[in-house]
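Q: I am new to this structure and would like to learn how to read it. Could we go through some features one by one?

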Amino acid sequence: MAHLSPQLKQATPVVATHGEGVYLYDESGNRHLDFTAGIGVTSTGHCHPKVVEAAQRQVGQLIHGQYTTIMHQPLQQLTAKLGEVLPAGLESLFFANSGSEAAEAALRLARQATGRPNIVVFQGGFHGRTVAAASMTTSGTKFKAGFSPLMSGVVVSAFPNPSTYRNLGWDLDQVTDFALQQLDLVLQTQSSPADTAAFLVEPVLGEGGYVPGNERFFAGLRERADKHGILLVVDEVQTGFGRTGKFWGMDHFRGAENPLTPDIQMLAKGIASGFPISGIAARTEVMEEAWPGSQGGTYGANAVACAAALATLDVIAEEDLVANADARGEQLREALRRIAADYPQIVDVRGLGLMVGVELADADGRPDTATAAALQQAAAQRGLLLLTCGPWTEVVRFIPALVVTEQQVDDAAEIFADAVASVLG
Ligand code: PMP
């Protein structure tokens, strides 16, 4: 009998039949509060009526126009619309189907544009599962073990991470200084600037444990990139489109004095409420360096996905979802901090907007994988679907659709408190 690959282990027991907003329904008619949002993909919730309507209309007009052969209207419209929300200067776009492909595209472009081989990535980063994207990923050996040799030309530097300062007794400034010193050391000892094409970094480590960067760290990256002609590539695959309570994750770290514009920015996930489309946005003079034929793909910028992305961008604006993500994220973190106060095993509640992580540690302060998994299971049994992340899978993460209401956040916190009491109580 045909069956799915046994390594595709579902983290929850749900077999979904349909979804609506923040709810998923299963075969037995049970309703689940979905705080996974397809790993942050269903930004406007499951089956938002405007997204459904746009996609249905597009299916009846044109499903597939292959963009290296024939331009189609939804792609033109999406390109123009993204121009309204992208950071100034990122005007040239290329589209693909997944975050991993966006990472591949960014890598190819950075090497082509600079003529340099190496990519500096940051400890705990996740950029995807294709061989090149996995090679640039450092948030878990599970993403890269067993299929070496990986792509060469990847060098790893430090990210300012709270577990570092917790363990060493440092504050955030000291950790940031350390991370920037490590980067200087990397450029001095492992990958000279003349060999370094790009820094590739997430505004908030996603799979790496929901760890936000900070203004000084990113300013330090931009400064070093400018000094050495290195490109700054920012992976906004998980953080983009309002997820963090600002439109882009990097908006948390930008200021009038420091616009912190990347040279290449990756886009995917929340862009189209679940339709597979991704892309990179780059400065025009960088994108012009792409070698002919090196950008493309049969399914890139599918017309239905483009129509869904256009509707998603409209809904995000019309329903003020970025502000909602900010307010609901704050509410959720406060509720989780109240729960954490009673349990020393919960060592951190963190995140930006609706990227919220709860870190578990044992009595010796070591990452507690088993408790994170047990909490995920206990919550799922009570109707709340959650994910985990972190290098040791020691962080429980909350990533609901941006349409989540105040009541639904309260409901989720209540269920989680009950799950915590049952596992740790
Ligand atoms: N970059 C980041 C920051 C991600 O979070 C992910 C997916 N979790 C990816 C890239 C890869 O995206 P995909 O799974 O669509 O290939």
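A: Gladly! Let us start with a pair of helices. In this predicted model, the axes of helix H11 (residues 321-340) and helix H13 (residues 406-424) come within 10 Å and cross at roughly 20°.

Q: What does that angle say about how H11 and H13 run relative to each other, parallel or antiparallel?
A: Angles under 35 degrees count as roughly parallel, so H11 and H13 are roughly parallel to each other. Their crossing is right-handed.

Q: Which residues make the contact of H11 with H13?
A: On the H11 side they are Arg 328, Gln 331, Leu 332, Ala 335, Leu 336 and Ile 339, and H13 contributes Glu 406, Val 409, Ala 413, Phe 416, Ala 417 and Val 420.

Q: At what angle do H2 and H10 pack?
A: Helix H2 (residues 49-59) packs against helix H10 (residues 303-318) at about 155°, and their axes are 8 Å apart. Angles over 145 degrees count as roughly antiparallel, which makes H2 roughly antiparallel to H10. This crossing, too, is right-handed. Among the residues that meet are Ala 54 and Ala 55 in H2 and Ala 307, Ala 308 and Ala 311 in H10. The contact of H2 with H10 divides into eleven nonpolar, two polar and two charged residues.

Q: What should I look for in the backbone itself?
A: Most residues other than glycine have a negative phi, and most peptide bonds are trans. Here, a cis peptide bond joins Ser 148 and Pro 149, with omega about 5°. Pro 149 sits in the loop between helix H5 (131-135) and strand E6 (154-157). Leu 260, although not a glycine, has a positive phi of about 45°. You will find Leu 260 in the loop between strand E10 (231-235) and strand E11 (264-267).

Q: Which residues come nearest to the ligand?
A: Ser 98, Gly 99, Ser 100, Val 237 and Gln 238 come nearest, out of 15 residues around the ligand. Helix H4 (residues 99-114) gives the largest share of the shell, three residues. The shell is made up of five nonpolar, seven polar and three charged residues.

Terms used
Residues are numbered from 1 along each chain as its sequence is written. This is a predicted model: local features need pLDDT of at least 70, side-chain atom pairs count only at pLDDT 80 or more; totals for chains, interfaces and linings use all residues. Axes are lines fitted to C-alpha atoms, for helices over the stretch in contact, and angles run from 0 to 180 degrees between N-to-C directions. Helices (H or I, at least four residues) and strands (E, at least two) are DSSP runs, numbered from the N terminus. Angles under 35 degrees count as roughly parallel, over 145 as roughly antiparallel, 65 to 115 as roughly perpendicular and the rest as oblique. A crossing is left-handed if the near helix is turned anticlockwise from the far one by less than a right angle, and right-handed if clockwise. Two residues are in contact if their C-beta atoms, placed from the backbone, lie within 7 Å. A residue is near a molecule or strand if its C-beta atom, placed from the backbone, lies within 6 Å of it. Ala, Val, Leu, Ile, Met, Phe, Trp, Tyr, Cys and Pro count as nonpolar, Asp, Glu, Lys and Arg as charged, and the others, Gly among them, as polar.
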